[in-house]
Amino acid sequence: MALTPETLPRHELNGLPVRVVESTDDSRVGIAGRVVIETTKTLSIEIRDDGESRVVTVPKSGSTFEFAITDDAADSAKGSGTASKLADTQPASSADSDGTESAGEGAAYVTVDGSRLLSRPARRTETNGDSPWQLD
């Protein structure tokens with residue numbers, strides 16, 4: 001199954017660029033980086049500040065995430081994605097000032113309520129059986 005805006009909740013999230021766009025904890029809004037660990041109830045996001053990196057754990061419940069899908073998936077499904085809720089904060093180039101890669105023009109932005117991701121990652125990405133996340 002190809003990674004598209006419609007199928008993103010069924011895919012592996014590790015490595016995807018992500019930004020927290022809404023949260024019950026206002027201090028988490030705006031956290032941006034790459035997903036490095038996904039558990040049943042949390043996403044761990046690697047953030048790079050001034051060349052230093054750190055990992056912040058954000059609960060899925062009570063949060064809304066914006067994922068940037070790049071490469072072929074973004075090109076083929078750009079119309080299916082949504083405009084970035086934080087478009088005015090997106091960098092103009094494909095690399096930030098600290099050299100880290102960021103989503104740019106070739107990306108589709110997909111906003112997902114964290115409650116849709118509440119499950120064991122291995123169970124959510126199953127392709128057979130009676131998975132409630134399975135596409136018909």
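Reader: How many residues lie between β2 and β3 in the hairpin that they form?

Author: Strands (E, at least two residues) are DSSP runs, numbered from the N terminus. In this structure, three residues separate β2 and β3 in their hairpin. The model is predicted: local features need pLDDT of at least 70, side-chain atom pairs count only at pLDDT 80 or more, and totals for chains, interfaces and linings use all residues. Residues are numbered from 1 along each chain as its sequence is written, and side-chain values use heavy atoms, with hydrogens and water left out.

Reader: In which sense do β2 and β3 pair?

Author: Two strands pair if DSSP finds at least two bridges between them. Here β2 and β3 (residues 42-49) are antiparallel, with four bridges, and Val 35 stands opposite Ile 45 of β3. Strand β1 (residues 17-23) also pairs with β2 in the antiparallel sense, over three bridges; Pro 17 has Arg 34 as its bridge partner in β2.

Reader: Is Glu 38 buried or exposed?

Author: Buried means under 20% relative accessible area, exposed over 50%, and partly exposed in between (1.4 Å probe, protein chains only). Glu 38 counts as buried because its relative accessibility is 11%. This residue belongs to β2 (residues 32-38).

Reader: Which residues does Glu 38 touch, not counting residues up to four places away in sequence?

Author: Contact means heavy atoms within 4.5 Å. With that sequence exclusion, Glu 38 touches several residues, including Leu 13, Leu 43, Lys 60 and Arg 124.
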